[in-house]
Amino acid sequence: MNKWKFAFFALAGTLLFAILLVVFLATRPVDGVNLAESSKAESEVKGNVLVVQTTREELESISKKYLKDAGSPLPLDFTIGDDIQLKSTLKVFYTEIDISMNFDPIVDEKGNIILKQTGMNVGLLNIPPETTMKIMRDTVDFPSWISINPNKAEIYIDLSRINIASGSRIKAKEVDLPKDKILLEIIVPGE
């Protein structure tokens, strides 16, 4: 076999190995995610309770402000309509691919919000939601109060860890986006 055939097969083998390695790393099972535990002091703040009703537009504006104030800008945008839609781009082999994920909000027993994934578009590619959420978790620097759980296709928002004025805490009571009804409790510590 001449040296050009050998060089061609060596190069083709190297490229095939690199592609298989990328596919393997992108689709391997995701490690479990430990959600940050709220301390008892944080979850059981005593004080005066204010119940606030807001709209989707107001919640979207407030959420964007808190995400902006949390530190590094997130390379994604979101809108709140009948569901929550996250939009971003993923750079693969010097090509930007549009990603769009849809979530339904669920209020848990602690008053925190779980965003359960209901749909996803990744350009024209068929990528499992777990893989996309794993890539998002590993590449985006989220605030400490947001946890990504790719295995369950969920985003956990721990409202008890968001710092608001004078030690106050926030809890979700009801999030019904189709009816544009969002109830939040703001717990202001008593004296």
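1. Let's start with Q117, which sits in strand β5 (residues 113–122); strands here are DSSP runs of E with at least two residues, and helices are runs of H or I with at least four, numbered from the N terminus. This is a predicted model, in which local features need pLDDT of at least 70 and side-chain atom pairs count only at pLDDT 80 or more, while totals for chains, interfaces and linings use all residues. Residues are numbered from 1 along each chain as its sequence is written, and side-chain values use heavy atoms, with hydrogens and water left out.

2. Q117 counts as buried because its relative accessibility is 13% (buried is under 20% relative accessible area, exposed over 50%, partly exposed in between, with a 1.4 Å probe and protein chains only). Leaving aside residues up to four places away in sequence, Q117 touches M101, N102, F103, P129, M133 and A153 (contact: heavy atoms within 4.5 Å).

3. Do have a look at β7 too. Strands β5 and β7 run antiparallel and are joined by 4 bridges (pairing needs at least two DSSP bridges between two strands), and L115 stands opposite I155. Strand β6 (residues 146–149) also pairs with β7 in the antiparallel sense, over 4 bridges, with E154 as the bridge partner of N149. In the β6–β7 hairpin, A153 takes a positive phi near 55 degrees.

4. A word on confidence: the chain has a mean pLDDT of 75 (pLDDT is the predictor's confidence in each residue, from 0 to 100). Confidence is highest in β7, at 86, and lowest in helix α2 (residues 40–43), at a mean of 45.
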